[in-house]
Amino acid sequence: MTSKTVVHVLRHGEVHNPEKILYGRLPGYHLSELGVQMAKAAAQAVAERDITHVVASPLERAQQTAEPIAAQFGLPIAVDDRLIESANWFEGKRVSVGDGSLRDPRNWWVMRDPVTPSWGEAYTLIAKRMYAALEAARVEAEGHEALCVSHQLPIWTLRNHVERKRLWHDPRKRQCGLASLTSFHFEGAKIVGVMYSEPAAHLIAMSPTARTAKGA
């Protein structure tokens, strides 16, 4: 009989980022108070699931988001470096729509290729490492469910890869809100469905900054 396994990939909650920079892989960026509430909302959303394995990106915000989920199931938080945020040339800089950075000639060479992209880790490499992390989580929880905590761009790239869609995209059109769940359903080693939910949608609506959180 073919085993059925679900791997939920959770984006972390809102981050405290008063400088409004693209923090990427920089250390020291933790969840805001609202982000902590988002993590708890995600935990409540999966409370009745059959989760036997919890794993997270090594970055602080992902570890914090995993904590209430691991605690309610009495599980340790494993670390998988493949779930980490994507590398980005703009890390540590203020970059957002309307701030003029895209019109600055000093940045044009960096942004010359949106398909690879030229300003950061190649989408193909992100897809490869994220799929490997997904498969590893499936094996760990075979016949049950696993939960992985990662970041917006890696999660969206993974979903596009699994759904055989092009990897380059408009960042404004990602379906991957803060503390959202992208759930991959397996029969054996084959993915048979992908589902998306936003257990913290009510909290995102409370925060004007949550919709545009950078480096997430």
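Trainee: At roughly what angle do the axes of helix α1 and helix α2 cross?

Mentor: Roughly 35 degrees. Keep in mind that this is a predicted model. The axes of α1 (residues 33-45) and α2 (residues 60-73) come within 8 Å.

Trainee: Why give me both an angle and a distance?

Mentor: Two packed helices are described by the angle between their axes and the distance between the axes.

Trainee: Left-handed or right-handed crossing?

Mentor: Right-handed, as α1 passes α2.

Trainee: Which residues make the contact?

Mentor: From α1, Ala-39, Lys-40 and Ala-43. From α2, Gln-64, Thr-65, Pro-68, Ile-69 and Gln-72.

Trainee: How do the residues of that contact divide into nonpolar, polar and charged?

Mentor: Four are nonpolar, three are polar and one is charged.

Trainee: Is Cys-148 buried or exposed?

Mentor: Buried, at 1% relative accessibility. Cys-176 is buried too, with a relative accessible area of 2%.

Trainee: On to charges. How many salt bridges does the count come to?

Mentor: Eight. One of them joins the side chains of Glu-135 and Arg-138, at 2.6 Å from N to O.

Trainee: How are Glu-135 and Arg-138 placed in helix α3?

Mentor: They are three residues apart in α3 (residues 123-140), so about one helical turn separates them.

Trainee: And what is the relative accessible area of Glu-135?

Mentor: It is 24%, so Glu-135 counts as partly exposed.

Trainee: Which residue meets Glu-163 in a salt bridge?

Mentor: Lys-165, with an N to O distance of 3.2 Å. Glu-163 is partly exposed at 28% relative accessible area. Lys-165 is partly exposed as well, at 47%.

Trainee: What about Asp-170, which residue does its side chain meet?

Mentor: Arg-172, in a salt bridge of 2.9 Å, N to O. Asp-170 is partly exposed, with a relative accessible area of 24%. Arg-172 is exposed, at 68%.

Trainee: Which residues do shared partners join into one network?

Mentor: Arg-25, Glu-121 and Arg-129. Salt bridges that share partners link them.

Trainee: Where is Pro-117 placed?

Mentor: In the loop between β3 (77-79) and α3.

Trainee: I also flagged Arg-164. What is its phi near?

Mentor: Near 60 degrees. That is a positive value in a residue other than glycine. Arg-164 lies in the loop between α4 (152-162) and β5 (181-187).

Trainee: Buried or exposed, that Arg-164?

Mentor: Exposed, at 80% relative accessibility.

Trainee: And Ala-179, what is its phi near?

Mentor: Near 55 degrees, again a positive value in a residue other than glycine. Ala-179 is found in the loop between α4 and β5. Ala-179 is buried, with a relative accessible area of 0%.

Trainee: Last topic, Thr-182. Which strand does Thr-182 lie in?

Mentor: Strand β5. Thr-182 is buried, with a relative accessible area of 1%.

Trainee: What does Thr-182 touch, not counting residues up to four places away in sequence?

Mentor: Val-7, His-8 and Val-9 are among its contacts. Ile-155 and Arg-159 also touch Thr-182. Then come Val-194, Met-195 and Tyr-196.

Methods:
Residues are numbered from 1 along each chain as its sequence is written. This is a predicted model: local features need pLDDT of at least 70, side-chain atom pairs count only at pLDDT 80 or more; totals for chains, interfaces and linings use all residues. Side-chain values use heavy atoms; hydrogens and water are left out. Buried means under 20% relative accessible area, exposed over 50%, partly exposed in between (1.4 Å probe, protein chains only). A salt bridge is a side-chain nitrogen of Lys or Arg within 4 Å of a carboxyl oxygen of Asp or Glu. Helices (H or I, at least four residues) and strands (E, at least two) are DSSP runs, numbered from the N terminus. Axes are lines fitted to C-alpha atoms, for helices over the stretch in contact, and angles run from 0 to 180 degrees between N-to-C directions. A crossing is left-handed if the near helix is turned anticlockwise from the far one by less than a right angle, and right-handed if clockwise. Contact means heavy atoms within 4.5 Å. Ala, Val, Leu, Ile, Met, Phe, Trp, Tyr, Cys and Pro count as nonpolar, Asp, Glu, Lys and Arg as charged, and the others, Gly among them, as polar.
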